[in-house]
Amino acid sequence: AHAAMQRRLAAAWGQRAADLPLKNADEALILASIVEKETGAPGDRSKVAAVFVNRLRLGMPLQTDPTVIYGLGEAYGGN
């Protein structure tokens, strides 16, 4: 499964837009995971991703629930 994910990630990274504010494929995977957690409908992913990319370009924090929950670690109780 890991090897398959790496192949798909490498292919996606190779087809990325040239002006993305991401340094490498790992950053793209992290952003994709955040977008996936943040959206309820597949059709919303491109809009949410655009918001995050714009924030990254401006040097803003992403300020998204999945990143805050990750930062809370075990202290997160579900609310």
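1. Terms and overall make-up. A helix here is a DSSP run of H or I of at least four residues, and helices are numbered from the N terminus. The model is predicted. On that definition alanine 12 is found in helix 1. The chain has 4 helices and 0 strands. From the N terminus on, its elements run α-α-α-α.

2. Overall dimensions and contacts. Taken along the principal axes, the C-alpha atoms of the chain fill a box of roughly 40 × 35 × 25 Å. The chain has 79 residues, and 18% of them count as buried. Take the contacts between residues at least 6 apart in sequence: 38% of these join residues at least 24 apart.

3. Alanine 12. This residue of helix 1 is partly exposed. Alanine 25 is 13 residues away from alanine 12 along the chain. The C-alpha atoms of the two are separated by 8.4 Å.

4. The largest pocket. Its volume is about 440 Å³. The lining is made up of 17 residues. Which of them lie nearest the centre? They are Ala12, Ala28, Leu29, Leu31 and Ala32. Helix 1 (2–14), helix 2 and helix 3 are the elements that give two or more residues to this lining. By type, the lining residues divide into 13 nonpolar, 1 polar and 3 charged.

5. The length of helix 3. Helix 3 covers residues 45–58, which makes 14 residues. At 1.5 Å a residue, helix 3 should span 20 Å.

6. An α-helix has 3.6 residues a turn, so residues three or four places apart point the same way.

7. The end of helix 3. Glycine 59 follows helix 3. The phi of glycine 59 is positive, near 75°.

8. Glutamine 63. Glutamine 63 lies in the loop between helix 3 and helix 4. Is glutamine 63 buried or exposed? Its relative accessible area is 59%, so glutamine 63 is exposed, the cut-off being over 50%. Phi of glutamine 63 is near 50°, a positive value in a residue other than glycine. Most residues other than glycine have a negative phi. This angle is a point to look at in the model.

9. Threonine 64. The loop between helix 3 and helix 4 (65–72) also holds threonine 64. Threonine 64 has a relative accessibility of 2% and therefore counts as buried, since the cut-off is under 20%. Which residues is threonine 64 in contact with, leaving aside its neighbours within four places in sequence? They are Ile34, Glu38 and Phe52.

Methods: Residues are numbered from 1 along each chain as its sequence is written. This is a predicted model: local features need pLDDT of at least 70, side-chain atom pairs count only at pLDDT 80 or more; totals for chains, interfaces and linings use all residues. Side-chain values use heavy atoms; hydrogens and water are left out. The expected span of a helix is 1.5 Å times one less than its number of residues. On a 1 Å grid over the protein atoms alone, a cavity is a set of points where a 1.4 Å probe fits but cannot get out, and a pocket is an open set with protein on both sides within 12 Å along at least five of seven lines; lining residues have an atom within 4 Å of a point. Grid points are joined across faces, edges and corners, and a volume is the space filled by probe spheres set on the points. Ala, Val, Leu, Ile, Met, Phe, Trp, Tyr, Cys and Pro count as nonpolar, Asp, Glu, Lys and Arg as charged, and the others, Gly among them, as polar. Buried means under 20% relative accessible area, exposed over 50%, partly exposed in between (1.4 Å probe, protein chains only). Contact means heavy atoms within 4.5 Å.
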